[in-house]
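Hi everyone, thanks for coming along. Have the sequence and the model open while I talk, and let's walk through a few spots together.

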Amino acid sequence: MGFWDALTGRTKPIAANLDALFALPSASITLQTAAGFEPTGVGSVCYREAEGAAFAQTQTDIVALLDADEGPDVERTTDSFGFTWLVSRQDPSDISALVTDLHAVNTTLEAQGFGPGLLCSLVGFVDASGRRLGLVYLYKQGTFYPFAPQSGQRRDNLLEIQVRDLVKGDLPVEAQLSRWMPVWGAPGL
Amino acid sequence: MSSTRFIRDTGLTARMTLVMFLLGAVFVGLVVALMYAMPGYAVLIGVIGLGVAWAQWYFSDTVALKAMRAREVTPEEAPELHGVIDRLCTMADMPKPRVAIAYTDMPNAFATGRSPQRSVVCVTTGILDRLTAEEMEGVLAHELSHVAHRDVLVMTLASSAGIIAGMLTRSAQYGMFFGGGDRRGNNNDNSGPPFWLVALLISLVVYAISFVLTRMLSRYRELCADRSGAFLTQKPSALASALTKISGEIATIPTKDLRSAQTMNAFFIAPALNGQSLASVFSTHPPLAQRLEQLARVSAELGRPLDGGFPGPGLGR
């Protein structure tokens, strides 16, 4: 926010930045070959539900759109912070279908003016030993960060740093470590 | 591509800019008047006054936390509170402020600090007990908007003329007692009024004008914070219900003694003149009805359909 905007109390809602999502498939290949992490085929979008009929209509349209293909239906859950997660499941080998789903959710919300309500998107990975990893996309920054939860609200920071160095060439990675916020119990991980 | 539901409130911006312009004019007027009335002390008083204002702004977080007996809490101590603020800051793309809790039953929350990087958001245990998670989020979004708008800086700048005038009033009173027979300065011609009287009058007038204007500005800033807070959480009704709860509880606690309330009415010219209109000039926060009305407008903006929105099944591919 600029000085003049601050002085006059004018708020500009931060617009979401969606384009980097399409870099996910190449990062997924890097993770498979270099670290042994396979995509789980589960991805989710996290956003704030706005009140009013316009949002309800938009959400219904999105769910109908994603359910139009064959395969499992999207799942909608609300977490303890009041954010809504829309979970999409696709064939694990077809990560670009998953990314397209996520992108469709985002563009629809943005086109209806609900872009400022988007928080993050998440794509899940798992390796042979069962370690889970999520690549989290922050809309407002347009950057990704890895999130590797362990049991009991601990996270595997070492693995996260490793993954960051691996996918740095494929994705815009969030440089500020303080923004690598955990999303405990996120659906799709 | 991206469309927005955020409509600018140009009226509010215009009113706020006008008030700030008037405050600046008052400040300049004070300086010019000082230059004429007491050229020797004008610079010194100005520098001290600005120094006081600067200190108020620079140490705002420490002073406010001390005054409220608040304690900073870590994410381990208050995980829910930190989690909500984390998410709101991510959505608003702003640095996360420090979080403090004041152990008092009075429901209140405030944000202070010299810059968004060095700010602190404080809530009382009273407000945590009374509000639901959703309402609490609305209140926190309101406070984060204050941080993003740099309201501490703006309000300190706005009140600096008043601070100087207040100091001047006090020093002029000293002048009245001790400096009446002062031979220094411009007392060579005894035709004009003594300089302390001029200074006292100027400073009193400036203080009064600046007081009313600052309060006005504060109310506009509150409306702005309400608005952007509601757009951040996308739930104006949650903030509205929180405001109703807090103001409702504060408002129902009587301030006047039971015995004085009846007898005092007899002395008033009209019983209808209960101080409501006067209070609305002097209060730092807008009346509840005005805030709720604005939140209802935000709610309508969020609910209105946008045309050309849904991209249709063909576009998603």
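**Around L118(A)**

Let's start at L118(A), which touches A16(A), Y47(A), N106(A), L109(A) and Y139(A), leaving aside residues up to four places away in sequence; a contact here has the two C-beta atoms, placed from the backbone, within 7 Å. Before going on, a word on the ground rules: this is a predicted model, where local features need pLDDT of at least 70 and side-chain atom pairs count only at pLDDT 80 or more, while totals for chains, interfaces and linings use all residues. Residues are numbered from 1 along each chain as its sequence is written, and chains are lettered from A and ligands numbered from 1 in the order in which they are written.

Is L118(A) buried or exposed? It counts as buried, because L118(A) has 25 C-beta neighbours inside 10 Å; the cut-offs are 20 or more for buried, 12 or fewer for exposed, and partly exposed in between.

**A hairpin and a helix pair**

Next, please find strand β2 (residues 75-78) and strand β3 (residues 83-89) of chain A, which pair in the antiparallel sense over 4 bridges; pairing takes at least two DSSP bridges. Across the pair, E75(A) stands opposite V87(A) in β3(A). The two strands form a hairpin with 4 residues between them, and G82(A) in the turn has a positive phi of about 85 degrees.

Now the helices: α2 (residues 24-35) and α4 (residues 95-111) of chain A pack at about 140 degrees, with their axes 9 Å apart. The contact involves L24(A), P25(A) and S28(A) of α2(A) and I95(A), S96(A) and V99(A) of α4(A). That angle makes α2(A) and α4(A) oblique to each other, since under 35 degrees is roughly parallel, over 145 roughly antiparallel, 65 to 115 roughly perpendicular and the rest oblique.

**Over to chain B**

Chain B has 13 helices and 4 strands, and 38% of its 317 residues are buried. Its pLDDT, the predictor's confidence in each residue from 0 to 100, averages 76, with 75% of the residues scoring at least 70. Over residues 180-189 of chain B the pLDDT is below 50, and this stretch has 5 contacts in the model beyond near neighbours in sequence. For the complex, the predictor gives an ipTM of 0.71 and a pTM of 0.76.

Conventions. Axes are lines fitted to C-alpha atoms, for helices over the stretch in contact, and angles run from 0 to 180 degrees between N-to-C directions.
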